[in-house]
Amino acid sequence: MSRGKKPTELAPRFQPRAFEAGTYERWWKAGYFGADPRGDGAAYVIVMPPPNVTAELHMGHGLNNTVQDVLIRWRRMQGRNALWVPGTDHAGIATQNVVERRLAAEGQTRWDLGREAFVERVWDWVHETGGTILDQLKAIGSSADWDRTCFTLDPGPSRAVREVFVRLYEKGLVYRGEYIVNWCPRCATALANEEVEHEETEGALYYQRYPLAGEESRYIVVATTRPETMLGDTAVAVHPDDPRHKDMIGKSVILPLAEREIPIIADEFVDPEFGTGFVKVTPAHDPNDFEIGRRHDLELVDIFEPDATLSDAVPARFRGLDRFTAREAVVKELGEKDLLEKTEPHVHSVGHCYRCDTVVEPRVSEQWFVRMKPLAEPALAAYRDGTIRFTPEHWGGVYEHWLENVRDWCISRQLWWGHRIPVWYCRACDATLVRPEDPDACGECGADELEQDPDVLDTWFSSWLWPFSTLGWPEETPDLKAFYPGHTLVTAPEILFFWVARMIMAGYEFMGAEPFRHVYLTGTVRDHTGRRMSKSLGNGIDPLEVVELFGADALRFTLTNKMGIGADLLLNNEDLEESFHVGRNFGNKIWNAARLALPHLEGPVDPLPERGSLDLADRWILSRLNRTCREVTDDLERFRLHEAAAELYRFFWSELCDWYLELIKPRLYDESGGAGRDVARAVLREVLDRSLRLLHPIMPFITEELWLRLPNRDADSIMIAPWPAPEADWDDAEAEDQVGTLQDALTAVRNIRSEYNVAHGRAIDVMVRGADDALRRAFEAEGVAALKLAGIDGLSFDGELQGVEATAVLASGAEIHVPLEGLIDLERERDRLEKQASELRDLVIRSEKRLANKDFVDKAPDHVVDQAREKLSGLKEQLEKIEQKRAGLEAR
């Protein structure tokens, strides 16, 4: 097909900024990113994990979205009706916190504005900043279907949220109840268990004395990490089978400082090994104690206000104190009253809010919950029967364990920003109305005195519907029919429970099918010291800065090349050159190869000729291209993107550029009019075409810029060109064997040149002994180009050895001999090598003496001794090579 073609002349330097933005704009305007429910080809769907609406791009986004874009571009080229659904999340806690901080800077609070005005203020902020991260994703080449961009508070997803809430409520799977929840005093809201991040913390174990009621001078000792919560104790518990304390069961103690009498009870939950075996029970402030309290009908004494100051439920002297100040006051008073037996250092796990890092307070509160066990069963079965698969595989076991032990999900949040819970209370008759639409009047008594529940739903309550709410559910839309179920989810392991597992549950509950079949969990981006990149540590890398410096393709190739399955990705935030030079240099190599090749492809280029017309180098490169095509496709199928990147790098840099282009140069520059040049041009065009297409998903911009300059193209853009398929008649083991042995031989000659500092321009003679048929035929077929590649003037086989020579043995057993007399100053080289050998002998002697010193071996750390032994071994190896080399310079 004849297509418009860019000029073949390229700028001398690779400058991605000169074309990346324009290329992306052209793709967008051409509609290449879109998917049509009536389109041809089997569907392939990825839903983008929606970033927070006010977020800015960080390297984690860069990694995750590069992986998604590689997959979606590849499937699109395979002819799939590929849909990548983009969008953003309203991020209830995070976004509300941002706006509240802005208000605080103005000397205001949300309460000063009131709910309606505050929500308007948040909307203003979202409209001001909400599109930033999506625009940033475009800068790294993300080819999502932007016409479908969705926001979790858009009308469509909002309707889906209400519909789901109502359906679950009607099935008895949504309920309201008083339960102990994770409470963030800073965000002033409940948190789901998965929103609490636990950190090992160095604290203390306080051994407190509880006087026995009615028994003067007798007491029991209770160990706790939180003495301030003692003021809310309503019992002390022991294990029923603990022989030390059986006689205490049924007695009472006087609660220190509060002077309340509380019972000693028996409960099997108690660990007899912890502390003294006596455990304080604070049902209002510990989830395990809450369950003990339920079993024993204990009173709930809530000692905290929502801001974690002490409430009126405690003695007056402690009221209003911050919880940590109260701890100090309680400990001080216990000591003064001789009620503190001892204090020991103790490391324990402390929960923190995942958004603001405030220490979370377990607190009894009336909240809305989803009953998860019934929803988890089909999601668990889907993993066990192989419907849902994970890469890396071990995350499947983590998923399974979580679902087996799933707890009810607290879905209500005491916020103003988010989906308001669709529940109304009638002030006239106390009826509760749960409706998908706002009611005008009470369905029970007809009164219009309705008050909506003040809470909003957990952000994840909208996100778990993402795979189908973005396609129009609950309506039966063409999109829903065409693109559900989806196929692949790419995300981070830390939201496996928050999001991935819940989406699978929602898919089965509301669609009757899985939302995707394969979950690919990326590694974590870390700095060069191994620390996770984060804004708080100041060790992040801005992907847009990398794009500005090196181009989007350098960023994408680096991320893809470094991201081994299940492995974290290390980047040096202090040296971007170090981190991204491989991707940048590869782009330069591709550009320079095209600069060399494209001028030879001006004018008409013949179709690829029959196999019999191809030279050895042509048959070899086509066979290697075939192999690369198979391997890259297989790598992508198995989500081994790093292996695909490595294969493409090896093929393009080493085989195409370093060998094939060099081998065909004599034919390309042959102006005699022979068929050899036309064949070389045809093969070169084919190889460039297919290798650029293979590279395109990873490096979309440079491949498009160069591919559009090729003749005989079959599409207006590389991103809609067909994915290369192997050609059965291109496989040529014989050509690969012959060129492989030729490469070994020429590499050996080059190594000898380098080893003896023989200038490349200095012609040398080479004798080959014991060459097999493959090597002889290779030299015969590619003689002129091959000899030029290694600077060989004369080549002979199986002659007599004489004089001083350098020798190399090939893998095939053949020997390469290069006469050195006349090439180098032999005497000077012998002296240089003897000097090196002498210095190495001295180092060996010193190292041996050190390791013979018993004091050093016995007293030095093991790793230091091991390093000394490794150093000695390396020195001996170097000395042996130098001595062998010097011996080789002696005349035969």
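The axes themselves are lines fitted to C-alpha atoms, for helices over the stretch in contact, with angles running from 0 to 180 degrees between N-to-C directions.

This is a predicted model, in which local features need pLDDT of at least 70 and side-chain atom pairs count only at pLDDT 80 or more, while totals for chains, interfaces and linings use all residues. Residues are numbered from 1 along each chain as its sequence is written, and side-chain values use heavy atoms, leaving out hydrogens and water.

**Helices**

Helix α16 (residues 543–550) packs on helix α17 (residues 552–562) at an angle of about 120°, and the axes are 7 Å apart. The two helices are therefore oblique to each other. Helices (H or I, at least four residues) and strands (E, at least two) are DSSP runs, numbered from the N terminus.

On the α16 side, Pro543, Val546, Val547 and Phe550 meet Ala552, Ala554 and Leu555 of α17. Contact here means heavy atoms within 4.5 Å. The contact residues are seven nonpolar, no polar and no charged. Ala, Val, Leu, Ile, Met, Phe, Trp, Tyr, Cys and Pro count as nonpolar, Asp, Glu, Lys and Arg as charged, and the others, Gly among them, as polar.

Helix α15 (residues 496–511) is mostly covered, with 13 of its 16 residues buried. Buried means under 20% relative accessible area, exposed over 50%, partly exposed in between (1.4 Å probe, protein chains only). Gly512 follows α15 and has a positive phi, near 75°.

**Aromatic rings**

The whole structure holds 39 aromatic pairs. Rings of Phe, Tyr and Trp (its six-membered ring) pair if their centres lie within 6.5 Å; planes under 30 degrees apart count as stacked, over 60 as edge-to-face and the rest as tilted. Two of the pairs are tabulated.

| Pair | Centre to centre | Angle between planes | Type |
|---|---|---|---|
| Phe118 and Trp416 | 5.8 Å | 70° | edge-to-face |
| Trp123 and Phe151 | 5.8 Å | 80° | edge-to-face |

Phe118 sits in helix α5 (residues 115–129) and Trp416 in the loop between β17 (412–413) and β18 (423–426), 298 residues apart. Both Phe118 and Trp416 are buried. Trp123 in helix α5 and Phe151 in strand β4 (residues 150–151) are 28 residues apart. Trp123 is partly exposed, at 23% relative accessible area. Phe151 counts as buried, at 8%.

One aromatic cluster includes Phe165, Tyr169, Trp368 and Trp409.

Terms used: Angles under 35 degrees count as roughly parallel, over 145 as roughly antiparallel, 65 to 115 as roughly perpendicular and the rest as oblique.
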